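Here is a friendly walk through one chain, written for someone who likes to know the cut-offs behind each term. Please keep the viewer open as you read.

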Amino acid sequence: MSEPIRNKKLDSITAPTPQNTPANAAPISSRAQQPGVASIKEEELDRAAAATLFAQNPGLVSMMQAKLGSLVGRSSGYIESLPASVRRRVAGLKGIQKEHSKLEADFQEEVLQLEKKYFAKFTPLYEKRAKIVNGGTEPTEEEVKVGEQQDEDDEDGAPEEKNDDAGENVKGIPEFWLSAMKNQVSLAEMITDRDEGALKYLTDIRMEYLDRPGFRLIFEFAENEYFTNKTITKTYFYQEENGYGGDFIYDHAEGDKIEWKAGKDLTVRIESKKQRNKNTKQTRVVKKTVPTESFFNFFAPPKPPADDDDATSDIEERLELDYQLGEDIKEKLIPRAIDWFTGEALQFESLEDYDEGEFEDEDDEEEDDLSDDRDEDDDSDEGDDGTKPKQETAECKQS
């Protein structure tokens, strides 16, 4: 069942992947909570020196990783040192915990079935929304009245000036899904100017549950100049066995192949390079196709590394981002598309959900401006030979 948009005062939870959740759970419902691990604080460690040491000794890093990996799950010897009667009670508690785990798995299965039950009730509403967006039908007078009343209740301050054009020749709601996606922060970061031309033809985004744990996202397009696909899907699969706490563990994702029309592939760009023949001095232009950023790369998800491969941080980040994007579309965009189209959903988003590096304090901007002004003053003090006069006193800056 889709999650209501609300202000979440919770710590950010990393999206689960096959690499960072071998025993934890990637819940099929984003409301489930993952078990946490306390962080270890090493105040005496010189991190810069350690990073340099590890960078210069990759063999040492591999050896340490192998050693630590061999210690995972190994007994410390404490349980074995307990008296036999105590060890028997410990074994009994494990048996009770096993029964608890079975009940947790049953609980998660019932939650999934409840989600499916209400998703079936949501579906007719989504279908009517699609018809209105694409001009197939008009909303009823009662629906319009309820919506206008909500706008009046939500108004803060003077109302905005409205367009007097009746729009009799306008069909449906143009660029509905493109506008909604551009207001959803995680999706907006992926959409390039070139992508917008194709996403204008997006007529609907749907979701369906699989027979096994997982879900499928379905993007429907009108006929367009970019590709021949009428629908492009992305499917997220979960492992058959439940993880710790009975939750479903994310396994992998698969996307449809996009049948691009000639010269319209938005996931690549053409690089031209001039080459000169050393002997004849003649020049030629060599063109090369290289990958480029595009929202449509979403349908070519990263592949999890094989069990015997070491997962690099780059692959892990890409897997986490890919999973989180799917969850955002399933849990946020599809259920409340109109709120994303109008931008009203943004007021319920917590900035904690996004990378703090994307934002900076206004004081920092003022300091940057002051720094720029100082640089300009320094430039104006340069002599004719380009040298700066010797300063009598050094300025003390506080970072």
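## A hairpin to begin with

Strands β5 and β6 form a hairpin with 6 residues between them, and Lys281 in the turn has a positive phi of about 65°. Helices (H or I, at least four residues) and strands (E, at least two) are DSSP runs, numbered from the N terminus, and two strands pair if DSSP finds at least two bridges between them. Here β5 (residues 268-276) and β6 (residues 283-291) run antiparallel and are joined by 9 bridges. Within this pairing, Gln275 stands opposite Arg284 in β6.

Before going further, a word on provenance: this is a predicted model, in which local features need pLDDT of at least 70 and side-chain atom pairs count only at pLDDT 80 or more, while totals for chains, interfaces and linings use all residues. Residues are numbered from 1 along each chain as its sequence is written, and side-chain values use heavy atoms, with hydrogens and water left out.

## The chain in numbers

The secondary structure comes to 11 helices and 6 strands. Of the 399 residues in the chain, 27% are buried; buried means under 20% relative accessible area, exposed over 50%, and partly exposed in between (1.4 Å probe, protein chains only). The chain exposes about 28,300 Å², and carbon and sulfur atoms supply 49% of that area. Accessible areas come from the Shrake-Rupley method with a 1.4 Å probe; for residues, only the protein chains shown count as cover.

Contact means heavy atoms within 4.5 Å. Among the contacts in the chain with a separation of 6 or more, 62% are between residues 24 or more positions apart.

Strands of a sheet pair through backbone hydrogen bonds, either parallel or antiparallel. In this model, 4 strands form an open sheet in the order β1-β2-β3-β4, with antiparallel pairing. The edges are held by β1 (202-209) and β4 (250-255), each with a single partner strand, so one side of each is left without a neighbour in the sheet. From one strand to the next, the twist averages 15° (axes are lines fitted to C-alpha atoms, for helices over the stretch in contact, and angles run from 0 to 180 degrees between N-to-C directions).

Strand β2 (residues 214-221) pairs with strand β3 (residues 231-238) in the antiparallel sense over 7 bridges. Arg216 stands opposite Thr235 in β3.

## Aromatic rings and charges

A pair of aromatic rings is described by the distance of the centres and the angle of the planes. Rings of Phe, Tyr and Trp (its six-membered ring) pair if their centres lie within 6.5 Å; planes under 30 degrees apart count as stacked, over 60 as edge-to-face and the rest as tilted. The structure holds 23 aromatic pairs. One of them joins Phe119 and Tyr126, tilted at 6.4 Å centre to centre with 55° between the planes; both of these residues are buried. Phe122 and Tyr126 have ring centres 6.2 Å apart and planes at 45°, so this pair is tilted. Being 4 residues apart in helix α4 (residues 84-133), Phe122 and Tyr126 are separated by about one helical turn. Phe122 counts as partly exposed, at 23% relative accessibility, whereas Tyr126 is buried at 16%.

Phe219, Phe221, Phe227, Trp260, Phe295, Phe296, Phe298 and Phe299 form one aromatic cluster. Lys234 lies over the face of Phe298, at 3.5 Å from the ring centre, and the charged end of Lys330 sits over the ring of Phe215, 5.3 Å from its centre. The criterion is that NZ of Lys or CZ of Arg is within 6 Å of the ring centre and within 35 degrees of the ring normal.

## Three loop residues

Where does Phe295 lie? Phe295 is in the loop between β6 and α9 (313-333), and is buried with a relative accessible area of 0%. Not counting residues up to four places away in sequence, Phe295 touches Met181, Leu187, Met190, Ile191, Asp195, Leu199 and Phe219. Phe295 and Glu196 are 99 residues apart in sequence and 9.3 Å apart in space, C-alpha to C-alpha.

Glu175, in the loop between α5 (141-154) and α6 (176-183), has a phi near 55°, a positive value in a residue other than glycine. Glu175 counts as partly exposed at 36% relative accessibility. Lys281, back in the loop between β5 and β6, counts as exposed at 52%.
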